[in-house]
Amino acid sequence: MTPPTYPPKPSPGDRIAVISPSAGLPGLFPLPYELGLERLRKEYGLEPVEYPATRTMGATPQARADDIHAAFADPTVKAVIASIGGDDQITVLPLLDRELIRANPKPFFGMSDNTNLLAYLHHTGIVAYHGASVMCELGRPGAVHPLTAESLRAALFTPGEYELKPAERFRDIDLPWDSPETYVSEPPTEPGGGWTWHRPERVVEARSWGGNIEILSWLLMADREVARDSSVYDGCVLFLETSEDMPSANDVFWILRSMGERGLLGRFSALLMGRPKTWSFEKPNAPEAKARYAREQRKAVLRAVDMYAQDMMVVLDVDFGHTDPQLVIPYGGVIRVDGPARRITVVY
(Lines give C-alpha, C1' and ligand atoms only; values in the text may rest on other atoms or scores of the structure.)
Protein backbone atom coordinates (compact mmCIF):
# COMPACT_ATOMS: atom_id res chain seq x y z
CA MET A 1 0.00 0.00 0.00
CA THR A 2 1.52 3.32 -1.08
CA PRO A 3 1.50 6.20 1.43
CA PRO A 4 -1.52 8.49 0.97
CA THR A 5 -0.99 11.86 -0.69
CA TYR A 6 -2.67 15.14 0.14
CA PRO A 7 -5.39 16.14 -2.36
CA PRO A 8 -5.60 19.74 -3.62
CA LYS A 9 -7.34 22.10 -1.20
CA PRO A 10 -10.39 24.23 -1.99
CA SER A 11 -10.41 28.02 -1.96
CA PRO A 12 -13.10 30.36 -0.64
CA GLY A 13 -15.83 30.57 -3.27
CA ASP A 14 -15.51 26.91 -4.27
CA ARG A 15 -18.27 24.32 -4.13
CA ILE A 16 -18.21 21.68 -1.37
CA ALA A 17 -20.25 18.49 -1.54
CA VAL A 18 -22.43 17.77 1.49
CA ILE A 19 -23.31 14.08 1.64
CA SER A 20 -24.81 11.60 4.10
CA PRO A 21 -22.82 8.38 3.64
CA SER A 22 -24.38 7.03 6.86
CA ALA A 23 -27.67 8.36 8.27
CA GLY A 24 -29.84 10.94 6.51
CA LEU A 25 -30.42 12.84 9.74
CA PRO A 26 -30.62 16.26 8.02
CA GLY A 27 -34.13 15.22 7.00
CA LEU A 28 -35.15 14.63 10.63
CA PHE A 29 -33.27 17.50 12.27
CA PRO A 30 -33.10 20.41 9.83
CA LEU A 31 -32.19 23.06 12.44
CA PRO A 32 -28.52 22.11 13.07
CA TYR A 33 -28.12 21.06 9.46
CA GLU A 34 -29.34 24.35 7.96
CA LEU A 35 -27.25 26.24 10.50
CA GLY A 36 -24.18 24.27 9.44
CA LEU A 37 -24.84 25.01 5.77
CA GLU A 38 -25.23 28.70 6.55
CA ARG A 39 -21.89 28.76 8.35
CA LEU A 40 -20.17 26.98 5.46
CA ARG A 41 -21.38 29.82 3.25
CA LYS A 42 -20.88 32.82 5.53
CA GLU A 43 -17.90 31.86 7.68
CA TYR A 44 -15.91 29.73 5.22
CA GLY A 45 -17.05 31.19 1.89
CA LEU A 46 -17.90 27.78 0.45
CA GLU A 47 -21.00 26.87 -1.54
CA PRO A 48 -22.62 23.61 -0.30
CA VAL A 49 -23.91 21.18 -2.91
CA GLU A 50 -26.44 18.58 -1.77
CA TYR A 51 -27.14 15.16 -3.28
CA PRO A 52 -30.28 12.98 -3.45
CA ALA A 53 -29.56 10.99 -0.27
CA THR A 54 -28.27 13.88 1.83
CA ARG A 55 -31.63 14.43 3.59
CA THR A 56 -33.05 10.92 3.05
CA MET A 57 -33.46 8.65 6.05
CA GLY A 58 -33.21 5.01 5.08
CA ALA A 59 -31.39 5.66 1.82
CA THR A 60 -30.05 2.45 0.34
CA PRO A 61 -26.31 1.73 0.39
CA GLN A 62 -26.34 2.05 -3.40
CA ALA A 63 -27.96 5.50 -3.27
CA ARG A 64 -25.34 6.67 -0.81
CA ALA A 65 -22.53 5.18 -2.90
CA ASP A 66 -23.95 7.00 -5.93
CA ASP A 67 -23.76 10.29 -4.03
CA ILE A 68 -20.14 9.63 -3.07
CA HIS A 69 -19.26 8.88 -6.68
CA ALA A 70 -21.07 11.97 -7.94
CA ALA A 71 -19.34 14.20 -5.39
CA PHE A 72 -15.85 12.96 -6.23
CA ALA A 73 -16.41 12.85 -10.00
CA ASP A 74 -17.75 16.42 -10.30
CA PRO A 75 -14.80 18.63 -11.30
CA THR A 76 -16.56 21.75 -9.96
CA VAL A 77 -16.67 20.29 -6.43
CA LYS A 78 -13.40 20.84 -4.57
CA ALA A 79 -14.06 19.13 -1.21
CA VAL A 80 -16.53 16.75 0.42
CA ILE A 81 -17.98 16.86 3.94
CA ALA A 82 -20.33 14.47 5.74
CA SER A 83 -23.53 15.78 7.29
CA ILE A 84 -23.17 13.39 10.25
CA GLY A 85 -22.36 9.78 11.11
CA GLY A 86 -24.57 6.75 11.70
CA ASP A 87 -24.05 3.03 12.06
CA ASP A 88 -24.14 1.22 8.69
CA GLN A 89 -21.66 2.91 6.36
CA ILE A 90 -19.76 -0.36 6.21
CA THR A 91 -22.48 -1.62 3.82
CA VAL A 92 -21.61 1.16 1.36
CA LEU A 93 -17.91 0.31 1.01
CA PRO A 94 -18.27 -2.73 -1.32
CA LEU A 95 -20.26 -0.57 -3.77
CA LEU A 96 -17.59 2.11 -4.18
CA ASP A 97 -15.49 2.53 -7.31
CA ARG A 98 -11.94 2.82 -6.01
CA GLU A 99 -10.48 3.84 -9.35
CA LEU A 100 -13.03 6.64 -9.84
CA ILE A 101 -12.20 8.06 -6.41
CA ARG A 102 -8.46 7.60 -6.87
CA ALA A 103 -8.64 9.50 -10.16
CA ASN A 104 -10.51 12.40 -8.53
CA PRO A 105 -8.85 12.98 -5.11
CA LYS A 106 -10.53 15.56 -2.88
CA PRO A 107 -10.36 16.44 0.81
CA PHE A 108 -13.04 14.53 2.72
CA PHE A 109 -14.17 15.58 6.21
CA GLY A 110 -16.11 13.33 8.57
CA MET A 111 -15.88 11.28 11.75
CA SER A 112 -17.68 8.61 13.79
CA ASP A 113 -19.23 6.13 11.30
CA ASN A 114 -17.34 7.99 8.58
CA THR A 115 -14.28 6.15 9.87
CA ASN A 116 -15.33 3.63 7.21
CA LEU A 117 -14.83 6.10 4.38
CA LEU A 118 -11.72 7.60 5.98
CA ALA A 119 -10.10 4.16 6.12
CA TYR A 120 -11.25 3.47 2.55
CA LEU A 121 -9.66 6.70 1.30
CA HIS A 122 -6.47 5.91 3.21
CA HIS A 123 -6.31 2.50 1.52
CA THR A 124 -6.98 4.24 -1.81
CA GLY A 125 -4.02 6.57 -1.34
CA ILE A 126 -5.78 9.79 -0.32
CA VAL A 127 -5.23 11.80 2.88
CA ALA A 128 -8.58 12.66 4.47
CA TYR A 129 -9.67 14.51 7.60
CA HIS A 130 -11.23 13.15 10.77
CA GLY A 131 -13.60 15.79 12.13
CA ALA A 132 -16.01 18.62 11.49
CA SER A 133 -19.35 17.22 10.33
CA VAL A 134 -22.04 19.71 9.26
CA MET A 135 -24.64 18.98 11.94
CA CYS A 136 -22.47 18.53 15.02
CA GLU A 137 -19.57 20.97 14.76
CA LEU A 138 -20.80 23.49 12.20
CA GLY A 139 -24.33 23.31 13.61
CA ARG A 140 -23.13 23.87 17.19
CA PRO A 141 -25.36 26.04 19.43
CA GLY A 142 -24.21 29.63 19.85
CA ALA A 143 -21.25 29.53 17.49
CA VAL A 144 -18.67 27.11 16.17
CA HIS A 145 -16.15 26.60 18.97
CA PRO A 146 -13.08 28.76 18.25
CA LEU A 147 -10.67 25.79 18.40
CA THR A 148 -12.85 23.80 16.00
CA ALA A 149 -13.28 26.79 13.68
CA GLU A 150 -9.55 27.54 13.53
CA SER A 151 -8.57 23.90 13.03
CA LEU A 152 -11.18 23.35 10.31
CA ARG A 153 -10.20 26.54 8.49
CA ALA A 154 -6.54 25.48 8.46
CA ALA A 155 -7.38 21.94 7.32
CA LEU A 156 -9.61 23.26 4.54
CA PHE A 157 -7.46 26.01 3.11
CA THR A 158 -3.88 26.05 4.41
CA PRO A 159 -1.27 23.38 3.62
CA GLY A 160 1.44 22.87 6.18
CA GLU A 161 1.93 22.45 9.90
CA TYR A 162 -0.70 23.25 12.52
CA GLU A 163 -0.23 22.86 16.27
CA LEU A 164 -3.12 21.32 18.18
CA LYS A 165 -3.96 22.96 21.51
CA PRO A 166 -5.84 21.51 24.50
CA ALA A 167 -9.21 23.06 25.24
CA GLU A 168 -9.49 25.03 28.45
CA ARG A 169 -13.16 24.05 28.60
CA PHE A 170 -15.12 21.34 26.79
CA ARG A 171 -18.66 20.01 26.40
CA ASP A 172 -20.06 16.52 26.13
CA ILE A 173 -23.65 17.11 27.28
CA ASP A 174 -25.96 17.47 24.30
CA LEU A 175 -29.03 19.65 23.85
CA PRO A 176 -32.17 18.71 21.86
CA TRP A 177 -31.65 19.27 18.15
CA ASP A 178 -35.33 19.86 17.45
CA SER A 179 -35.70 22.87 19.79
CA PRO A 180 -35.02 26.38 18.43
CA GLU A 181 -34.03 27.44 21.96
CA THR A 182 -30.99 25.17 21.72
CA TYR A 183 -29.26 27.43 19.20
CA VAL A 184 -29.68 30.91 20.69
CA SER A 185 -26.90 30.78 23.31
CA GLU A 186 -23.61 29.12 24.11
CA PRO A 187 -23.93 25.58 25.54
CA PRO A 188 -22.65 24.83 29.05
CA THR A 189 -19.05 23.64 29.32
CA GLU A 190 -16.73 22.28 32.00
CA PRO A 191 -12.96 22.55 32.70
CA GLY A 192 -10.81 20.65 30.23
CA GLY A 193 -8.02 19.56 32.53
CA GLY A 194 -5.42 19.30 29.77
CA TRP A 195 -3.94 16.25 28.09
CA THR A 196 -2.28 13.38 29.97
CA TRP A 197 1.06 12.10 28.64
CA HIS A 198 2.32 8.53 29.12
CA ARG A 199 5.97 7.70 28.31
CA PRO A 200 6.71 11.16 26.88
CA GLU A 201 10.43 10.65 26.55
CA ARG A 202 10.77 10.91 22.77
CA VAL A 203 9.55 12.55 19.60
CA VAL A 204 7.50 10.66 17.02
CA GLU A 205 6.77 11.99 13.54
CA ALA A 206 4.83 9.71 11.21
CA ARG A 207 1.64 9.22 9.24
CA SER A 208 -1.60 8.58 11.08
CA TRP A 209 -4.28 5.90 11.05
CA GLY A 210 -7.28 5.16 13.27
CA GLY A 211 -10.65 6.77 13.95
CA ASN A 212 -13.62 5.63 15.99
CA ILE A 213 -12.64 2.46 17.82
CA GLU A 214 -16.06 0.80 17.54
CA ILE A 215 -16.11 1.28 13.76
CA LEU A 216 -12.55 -0.01 13.44
CA SER A 217 -13.59 -3.14 15.33
CA TRP A 218 -16.33 -3.73 12.74
CA LEU A 219 -13.87 -3.22 9.87
CA LEU A 220 -11.53 -5.71 11.49
CA MET A 221 -14.34 -8.26 11.88
CA ALA A 222 -15.42 -7.77 8.26
CA ASP A 223 -11.79 -7.78 7.03
CA ARG A 224 -12.24 -4.49 5.18
CA GLU A 225 -9.89 -1.53 4.66
CA VAL A 226 -7.36 -2.71 7.23
CA ALA A 227 -4.09 -3.90 5.70
CA ARG A 228 -3.60 -7.62 6.19
CA ASP A 229 0.14 -6.98 6.31
CA SER A 230 0.22 -4.91 9.49
CA SER A 231 3.84 -3.93 8.88
CA VAL A 232 2.52 -1.08 6.69
CA TYR A 233 1.62 0.66 9.97
CA ASP A 234 5.11 0.35 11.45
CA GLY A 235 6.01 3.52 13.33
CA CYS A 236 2.71 5.26 12.51
CA VAL A 237 0.65 7.37 14.92
CA LEU A 238 -2.58 5.68 15.97
CA PHE A 239 -5.51 7.88 16.96
CA LEU A 240 -8.68 6.49 18.52
CA GLU A 241 -11.89 7.80 20.08
CA THR A 242 -15.18 6.42 21.41
CA SER A 243 -18.72 7.43 20.50
CA GLU A 244 -21.89 8.45 22.32
CA ASP A 245 -22.69 4.73 22.58
CA MET A 246 -20.13 4.84 25.39
CA PRO A 247 -18.55 1.37 25.18
CA SER A 248 -17.53 0.01 28.54
CA ALA A 249 -13.93 0.04 29.66
CA ASN A 250 -13.91 -3.72 29.17
CA ASP A 251 -15.13 -3.33 25.59
CA VAL A 252 -12.37 -0.82 24.84
CA PHE A 253 -9.77 -3.11 26.38
CA TRP A 254 -11.06 -6.15 24.48
CA ILE A 255 -10.91 -4.31 21.14
CA LEU A 256 -7.36 -3.14 21.85
CA ARG A 257 -6.44 -6.63 23.08
CA SER A 258 -7.69 -8.11 19.80
CA MET A 259 -5.63 -5.56 17.88
CA GLY A 260 -2.68 -6.63 20.00
CA GLU A 261 -3.26 -10.34 19.38
CA ARG A 262 -3.51 -9.63 15.66
CA GLY A 263 -0.05 -8.04 15.83
CA LEU A 264 -1.48 -4.63 14.93
CA LEU A 265 -1.39 -2.55 18.11
CA GLY A 266 2.34 -2.93 18.67
CA ARG A 267 3.14 -1.59 15.20
CA PHE A 268 2.36 2.01 16.17
CA SER A 269 4.86 4.30 17.84
CA ALA A 270 2.35 6.64 19.48
CA LEU A 271 -1.34 6.70 20.38
CA LEU A 272 -3.56 9.76 20.61
CA MET A 273 -6.72 8.88 22.55
CA GLY A 274 -9.63 11.27 22.20
CA ARG A 275 -11.44 12.69 25.17
CA PRO A 276 -14.22 10.17 25.90
CA LYS A 277 -17.88 11.04 25.54
CA THR A 278 -19.32 10.39 29.00
CA TRP A 279 -22.95 11.55 28.59
CA SER A 280 -25.77 10.77 26.18
CA PHE A 281 -29.55 11.08 26.15
CA GLU A 282 -29.68 7.31 26.76
CA LYS A 283 -27.06 7.53 29.55
CA PRO A 284 -27.37 10.97 31.18
CA ASN A 285 -24.58 10.41 33.69
CA ALA A 286 -24.19 12.58 36.76
CA PRO A 287 -20.76 14.26 37.21
CA GLU A 288 -19.44 11.44 39.40
CA ALA A 289 -20.43 8.79 36.87
CA LYS A 290 -18.96 10.84 34.02
CA ALA A 291 -15.62 11.11 35.80
CA ARG A 292 -15.63 7.41 36.68
CA TYR A 293 -16.35 6.36 33.08
CA ALA A 294 -13.48 8.50 31.75
CA ARG A 295 -11.11 7.24 34.43
CA GLU A 296 -11.94 3.59 33.74
CA GLN A 297 -11.46 4.04 30.00
CA ARG A 298 -8.03 5.60 30.52
CA LYS A 299 -6.99 2.64 32.68
CA ALA A 300 -8.24 0.17 30.06
CA VAL A 301 -6.26 1.88 27.30
CA LEU A 302 -3.04 1.94 29.30
CA ARG A 303 -3.53 -1.67 30.37
CA ALA A 304 -3.71 -2.80 26.74
CA VAL A 305 -0.75 -0.64 25.74
CA ASP A 306 1.35 -2.03 28.58
CA MET A 307 0.53 -5.57 27.40
CA TYR A 308 1.15 -5.17 23.66
CA ALA A 309 3.06 -1.94 23.00
CA GLN A 310 5.49 -1.33 25.81
CA ASP A 311 7.38 1.38 23.89
CA MET A 312 4.32 3.31 22.72
CA MET A 313 3.90 6.94 23.77
CA VAL A 314 0.28 7.75 24.69
CA VAL A 315 -1.55 11.07 24.95
CA LEU A 316 -4.97 10.87 26.62
CA ASP A 317 -7.96 13.23 26.44
CA VAL A 318 -6.92 14.89 23.18
CA ASP A 319 -9.74 17.12 21.90
CA PHE A 320 -11.05 15.21 18.91
CA GLY A 321 -13.95 12.83 18.49
CA HIS A 322 -17.42 13.10 20.00
CA THR A 323 -16.80 15.93 22.46
CA ASP A 324 -16.71 19.67 21.76
CA PRO A 325 -14.41 21.31 20.63
CA GLN A 326 -13.20 19.00 17.91
CA LEU A 327 -9.73 19.33 16.45
CA VAL A 328 -9.34 18.02 12.91
CA ILE A 329 -6.91 15.10 12.54
CA PRO A 330 -5.38 14.36 9.13
CA TYR A 331 -6.11 10.70 8.31
CA GLY A 332 -3.00 9.33 6.66
CA GLY A 333 -1.29 12.70 7.05
CA VAL A 334 1.76 13.48 9.14
CA ILE A 335 1.55 13.99 12.89
CA ARG A 336 4.45 15.01 15.14
CA VAL A 337 4.08 14.02 18.80
CA ASP A 338 6.77 15.77 20.82
CA GLY A 339 6.79 14.18 24.26
CA PRO A 340 9.47 16.30 25.97
CA ALA A 341 7.83 19.52 24.76
CA ARG A 342 4.25 18.20 25.29
CA ARG A 343 3.26 19.37 21.79
CA ILE A 344 1.24 17.79 18.98
CA THR A 345 1.63 19.19 15.47
CA VAL A 346 -0.26 17.95 12.41
CA VAL A 347 0.33 18.60 8.73
CA TYR A 348 -2.82 19.65 6.89
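The model is a predicted one. Start with the whole protein. It has nine helices and 16 strands. Its radius of gyration is 19 Å, close to the 20 Å that the globule rule gives for 348 residues, so the protein is as compact as a globular protein of that length. Picture a box around the C-alpha atoms, taken along the principal axes. That box is roughly 50 × 45 × 35 Å.

Now look at how the chain packs. Of the 348 residues, 58% are buried. Take the contacts with a separation of 6 or more: residues 24 or more positions apart account for 82% of them. The surface comes next. The protein exposes about 13,500 Å², and carbon and sulfur atoms supply 53% of that area.

Begin the tour of residues with Pro4. This proline lies in the segment before strand E1 (15-19). Is Pro4 buried or exposed? Its relative accessibility is 4%, under the 20% cut-off, so Pro4 counts as buried. Which residues does Pro4 contact, leaving aside neighbours within four places in sequence? They are His122, Gly125, Ile126, Val127, Arg207 and Gly332. Take Gly125 from that list. Pro4 and Gly125 are 121 residues apart along the chain, yet their C-alpha atoms are separated by 3.9 Å.

Gly125 leads us to helix H4. Gly125 follows H4 and has a positive phi, near 100°. The helix itself covers residues 115-124, and nine of its ten residues are buried, so H4 is largely enclosed by the rest of the structure. Among the buried ones are Leu117, Leu118, Tyr120 and Leu121. His122 is buried too, and this histidine is also one of the contacts of Pro4.

Next, the aromatic rings. A pair of rings is described by the distance of the centres and the angle of the planes. The structure holds ten aromatic pairs. In one of them, the rings of Trp209 and Tyr233 have centres 4.8 Å apart and planes at 45°, so this pair is tilted. The pair links distant parts of the chain, 24 residues apart. Trp209 sits in strand E10 (residues 203-212), while Tyr233 sits in the loop between helix H7 (213-222) and strand E11 (237-241). Trp209 counts as buried because its relative accessibility is 0%. Tyr233 counts as buried as well, at 2%.

A further pair joins Phe239 and Tyr331. It is edge-to-face, with 5.5 Å from centre to centre and 80° between the planes. Phe239 lies in strand E11 and Tyr331 in strand E14 (residues 329-331), so the pair ties together parts that are 92 residues apart in sequence. Both residues are buried. Elsewhere, ring pairs link Phe109, Tyr129, Tyr162 and Tyr348 into a cluster.

Finish with Ile173. Where is this residue found? Ile173 is in the loop between strand E7 (169-170) and strand E8 (190-191). Its relative accessible area is 32%, so Ile173 is partly exposed. Not counting residues up to four places away in sequence, Ile173 touches Trp279 and Lys290. Thr278 is 105 residues from Ile173 along the chain, and the C-alpha atoms of these two are separated by 8.2 Å.

How values were computed:
Residues are numbered from 1 along each chain as its sequence is written. This is a predicted model: local features need pLDDT of at least 70, side-chain atom pairs count only at pLDDT 80 or more; totals for chains, interfaces and linings use all residues. Side-chain values use heavy atoms; hydrogens and water are left out. Helices (H or I, at least four residues) and strands (E, at least two) are DSSP runs, numbered from the N terminus. The radius of gyration is taken over C-alpha atoms; the globule rule is 2.2 Å times the number of residues to the power 0.38. Buried means under 20% relative accessible area, exposed over 50%, partly exposed in between (1.4 Å probe, protein chains only). Contact means heavy atoms within 4.5 Å. Accessible areas come from the Shrake-Rupley method with a 1.4 Å probe; for residues, only the protein chains shown count as cover. Rings of Phe, Tyr and Trp (its six-membered ring) pair if their centres lie within 6.5 Å; planes under 30 degrees apart count as stacked, over 60 as edge-to-face and the rest as tilted.
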